[in-house]
Amino acid sequence: MTGFAAVARPTEMGTLLIEIRSVNSRFLDLGLRIADELRSLEAVVRETVAARIARGKLDCRVALQRQGGIHQVSINPDALAALARLAAEVQRATGAVQLSIGEILAWEGVLASPGVDQEGLRAEAAAALEEALDALQASRAREGAALGAALRQRCDGIESIVTQVRARAPELLAVLERKLAERLEKALAPALGGNGTLTREEVTDRIRQEVTLYGLRADVEEELNRLSTHVGEVRRILDQGGTVGRRLDFLMQELNREANTLGSKASAIEMTQAAVELKLLIEQMREQIQNLE
């Protein structure tokens, strides 16, 4: 799910900044941007995030804003002396001009910053990260509540379609069975002629068998019952809360399977339209579920 959290935590070494952004993903994908002096915190950050977040693409930035800024920076006399000695040798050998102040200050090791208390910083970072994750989870929970309401609305739509199909299915099946019986009667009529080989009772029995088999193949009561059961399970999982994404993913597969079977058994345009509407609602739910943890 999407979310954002930022924490600024004062420490003896400066202000510790932690910023977390989250977007949709089926799995946990954590990207870290950590300043070099804080690189020792990477393992702590990864372990803490993995313990709290199960799904989502997260970008986490960790930085330390020094107090006093440039006033805490000093010159490293040993590095400066070594650079001066090298510059003098190069000038004697080549006649090159002296280094500028900017070039000297940019030389690695000339500027020195106060050291970082790694143990103290690790404890502060863990506390700040927990605070940021609490805020992120609260943001994701608000989005989850909105997504849950949207999913329940689609469940209402599926149940409405199931109710309509269940009410109309017997009537549609009866009409189709009657038409089938009439066609079979017409097709088997020549067999009842003067030279026919079948009796009226045999023809009637054959028609009854064919109509019965057709009725069994076209019956959708089982699919409707399964759709209702799966929708009820979706509601139960949403009400239960917690980590629901993967379980709902599985239920979407089951709902889609029943909708496909309903469409394959469709014996009237109303049934075909119902199957299409069901698949549309299920696909909308599937897209929303990708955002849930």
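1. Asn256 first. In this predicted model, Asn256 touches Lys279, Ile282 and Arg286, leaving aside residues up to four places away in sequence. Asn256 sits in helix α7. Its relative accessibility is 18%, so Asn256 counts as buried; the cut-off for buried is under 20%.

2. Helix α7 covers residues 245-264 and helix α8 covers residues 269-289. The two pack at an angle of about 165°, and their axes are 9 Å apart. Angles over 145 degrees count as roughly antiparallel, and α7 and α8 are therefore roughly antiparallel to each other. Their crossing is left-handed.

3. Who makes that contact? On the α7 side the residues are Gly245, Leu248, Asp249, Met252, Gln253, Leu255, Asn256, Ala259, Asn260, Leu262 and Gly263. On the α8 side they are Met271, Ala275, Leu278, Lys279, Ile282, Met285, Arg286 and Ile289. Sorted by class, the contact has 11 nonpolar, five polar and three charged residues. Lys279, Ile282 and Arg286, the residues that Asn256 touches, are among the α8 residues listed here.

4. Strand β2, at Ile18. Ile18 is placed in strand β2. Ile18 has a relative accessible area of 3% and is therefore buried. Not counting residues up to four places away in sequence, Ile18 touches Ala5, Ala6, Val7, Cys60, Arg61, Val62, Ala125, Ala128, Leu129 and Ala132. One further pair can be checked on the model: Ile18 and Leu64 are 46 residues apart in sequence, with 8.9 Å between their C-alpha atoms.

5. Strand β2, at Ser22. This strand spans residues 14-23, and Ser22 lies within it. Is Ser22 buried or exposed? At 3% relative accessibility, Ser22 counts as buried. The side chain of Ser22 has a polar contact of 2.7 Å with the side chain of Arg140.

6. The overall picture. The protein has eight helices and six strands. Read from the N terminus, the order of elements is β-β-β-α-β-β-α-α-β-α-α-α-α-α. The protein has 293 residues, and 33% of them count as buried. Take contacts between residues at least 6 apart in sequence: 78% of these join residues at least 24 apart.

Note on methods
Residues are numbered from 1 along each chain as its sequence is written. This is a predicted model: local features need pLDDT of at least 70, side-chain atom pairs count only at pLDDT 80 or more; totals for chains, interfaces and linings use all residues. Side-chain values use heavy atoms; hydrogens and water are left out. Axes are lines fitted to C-alpha atoms, for helices over the stretch in contact, and angles run from 0 to 180 degrees between N-to-C directions. Helices (H or I, at least four residues) and strands (E, at least two) are DSSP runs, numbered from the N terminus. Angles under 35 degrees count as roughly parallel, over 145 as roughly antiparallel, 65 to 115 as roughly perpendicular and the rest as oblique. A crossing is left-handed if the near helix is turned anticlockwise from the far one by less than a right angle, and right-handed if clockwise. Contact means heavy atoms within 4.5 Å. Ala, Val, Leu, Ile, Met, Phe, Trp, Tyr, Cys and Pro count as nonpolar, Asp, Glu, Lys and Arg as charged, and the others, Gly among them, as polar. Buried means under 20% relative accessible area, exposed over 50%, partly exposed in between (1.4 Å probe, protein chains only). A polar contact is a pair of N or O atoms within 3.5 Å; within protein, one must be able to donate a hydrogen and the other to accept it, and residues adjacent in sequence count only if both atoms are side-chain atoms.
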